[in-house]
Amino acid sequence: MNPEHILAILENHRGDLGEVISILEDIQTKYSYLPEEALRIVAQKTRRSLVDIYGVASFYKSFSLKPRGKHLISVCLGTACHVRGGQGIAKEFERQLGISAGQTTSEKDITLETVNCLGACALGPIVVVDGHYFSNVSQQRVKDVVQKARVGLDRVDVKTDERLFPLEVSCPRCNHSFMDRTRYIDGYPSIRVTVTFGGKHGWVRLSCLYGSYSVDHEYKVPTDTVVNFFCPHCHGELAGVSSCSECAALMVPMIVRGGGMVQICSRRGCKGHMLDLTRIKV
Amino acid sequence: MINLTINRLKVSVEEGTTLLEASRFYGFPIPTLCYDEGLSPYGACRLCVVEIGDEKKAKLVSSCTYPAEEGLRVRTASSRVVGARKMILELLLASCPQSKIIQDLASAHGIRQQRFRQEYEDCILCGLCVRMCEEQMMAKAIGFRGRGENRSIGTPFDIKSEVCRLCGGCIYVCPACQLRCTYTEPENAICGGCENLSPPCLEKERFDNMMCYMDPCVSCEIRKR
């Protein structure tokens, strides 16, 4: 845990020190749990006693004081889900994962918890994985759900999601196309650019689907690193002037074929992006 | 001044007086567990219930938190009040049977048995110690944690608090001796009283898992008899 991150979160809430719950929510979003040290910093900076902060943190069930896994599986045991066999499904999850409810697997990838109602009783028994709802879950489907959770559900399903569409982009300096038809990502030609970070220099292939964050790279870029993008043809840096609204890193501009501009955030893991089309051909 | 009737006696009290203070001032006893003169009222134990209002509109309120109102009719020992108090005491006995204070109160109310599943808690969550720590000792070392079934009183993360001065005030006010002697675990010690007694207590080793035996504590009283 980095105390500076906590201080930055507190800075965002400056002006109203009564926002303990939203401060704790932000910390929980960042670390997926509330580290002890973080609570101490919050108590000190909001000029409250640690007892009060701890009381709030331990009162609400959505706050966790223990480290949690990368993915969170919530099995509903509300009345409607209970009568449709939610208990058995929770048991099956426990068996498959080898942990009991409220615990995290030893590889720290999955946390299993039971919740009391998710407000979607007609779809029961319900299981929620990282915000994705699975309805009418049967014990046979548990294995499938666990597998999907392990892979990660943030990946988009290209074939079914209609909000995704491909873009063809080119360099804003030399107007050479970035499209690489030798390598496909998500079933479409990839966008090839070169990146440098921490003394390393290599190619990165991005998905050309607007809304997909799939990426392939020569060197693994650690999350949260800001990288410099270059055109592989003119070797000029793709440096924009605007900064990301999510994380304040510089945006990388690319020209969209057909007229317009797309900008993506240069920070690995940040999903900040901007699409500005001048002429839309449907 | 506010005029009201307590058990048909016309009385007048200053504005802001609670029903409990008024009743006690005029000589009507009301049992309490979570009330202390030097601390803010909390209304946790519900033992101080009284009946206000007439016939159909009559209701039970906790007198320690209810301010006196003009023309209010208060009954501190009606059959409904006594019945409610007995039930509360039975429930308290079911959760905290070792507390001498609760035993005495139950006995005084003529309770001879309790009909609930017996538990052996050592806290009734009355919050006296929390208020003592915050309001009189200005420390805020202990507080409520968790909720519902898992609600408990203690320090954050169950480790010794930096702001705790080992004053022992929490144990002094406790009606259930929740914060038992922790001499054998100096890490989470809250009291430390036995180490500071003069002359030093020679028997402290014997009290490792007993309730604290300092001044108001019940286990000591039991032992003396």
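**The interface and the two chains**

Guide: In this predicted model, 12 residues of chain B are in contact with 13 residues of chain A.

Visitor: How much area do chain B and chain A bury between them?
Guide: About 1100 Å², with 64% of it on carbon and sulfur atoms.

Visitor: Which residues in chain B lose the most area to chain A?
Guide: K140(B), R147(B) and F157(B), which together account for 54% of what the chain B side buries.

Visitor: How many salt bridges are there between chain B and chain A?
Guide: Two. In a salt bridge between E162(B) and R40(A), the side chains meet at 3.1 Å, N to O.

Visitor: And how many residue pairs are in polar contact between the chains?
Guide: Four, counting pairs with both residues at pLDDT 80 or more. On the side of chain B that touches chain A, the residues divide into six nonpolar, two polar and four charged.

Visitor: Moving to confidence, what ipTM and pTM does the predictor give the complex?
Guide: The ipTM is 0.74 and the pTM is 0.64.

Visitor: What is the mean pLDDT of chain B?
Guide: The mean is 81, and 78% of the residues in chain B reach 70 or more. Over residues 208-225 of chain B, however, the pLDDT is below 50. That stretch has 43 contacts in the model beyond near neighbours in sequence.

Visitor: What should I make of those contacts?
Guide: Where pLDDT is low, the predicted coordinates should not be read in detail.

Visitor: Fine. How many helices and strands are in chain B?
Guide: Chain B has seven helices and seven strands. Along the sequence the pattern is β-β-α-β-β-β-α-α-α-β-β-α-α-α.

Visitor: Which residues are buried in helix 3 of chain B?
Guide: Helix 3 covers residues 100-108, and K100(B), I102(B), L105(B) and A106(B) are buried there. Just after helix 3, G110(B) takes a positive phi of about 75°.

Visitor: What share of chain B as a whole is buried?
Guide: Of the 225 residues in chain B, 49% are buried. Among contacts in chain B with a separation of 6 or more, 51% are between residues 24 or more positions apart.

Visitor: Now chain A. How many helices and strands there?
Guide: Seven helices and 15 strands in chain A. Buried residues make up 40% of its 282 residues.

Visitor: And what share of the chain A contacts join residues at least 24 apart?
Guide: For chain A that share is 51%, taken among contacts between residues at least 6 apart in sequence.

Definitions and conventions:
Residues are numbered from 1 along each chain as its sequence is written. Chains are lettered from A and ligands numbered from 1 in the order in which they are written. Side-chain values use heavy atoms; hydrogens and water are left out. Contact means heavy atoms within 4.5 Å. Buried area is the accessible area (1.4 Å probe) that two parts lose on being put together, summed over both. A salt bridge is a side-chain nitrogen of Lys or Arg within 4 Å of a carboxyl oxygen of Asp or Glu. A polar contact is a pair of N or O atoms within 3.5 Å; within protein, one must be able to donate a hydrogen and the other to accept it, and residues adjacent in sequence count only if both atoms are side-chain atoms. Ala, Val, Leu, Ile, Met, Phe, Trp, Tyr, Cys and Pro count as nonpolar, Asp, Glu, Lys and Arg as charged, and the others, Gly among them, as polar. pLDDT is the predictor's confidence in each residue, from 0 to 100. Buried means under 20% relative accessible area, exposed over 50%, partly exposed in between (1.4 Å probe, protein chains only). Helices (H or I, at least four residues) and strands (E, at least two) are DSSP runs, numbered from the N terminus.
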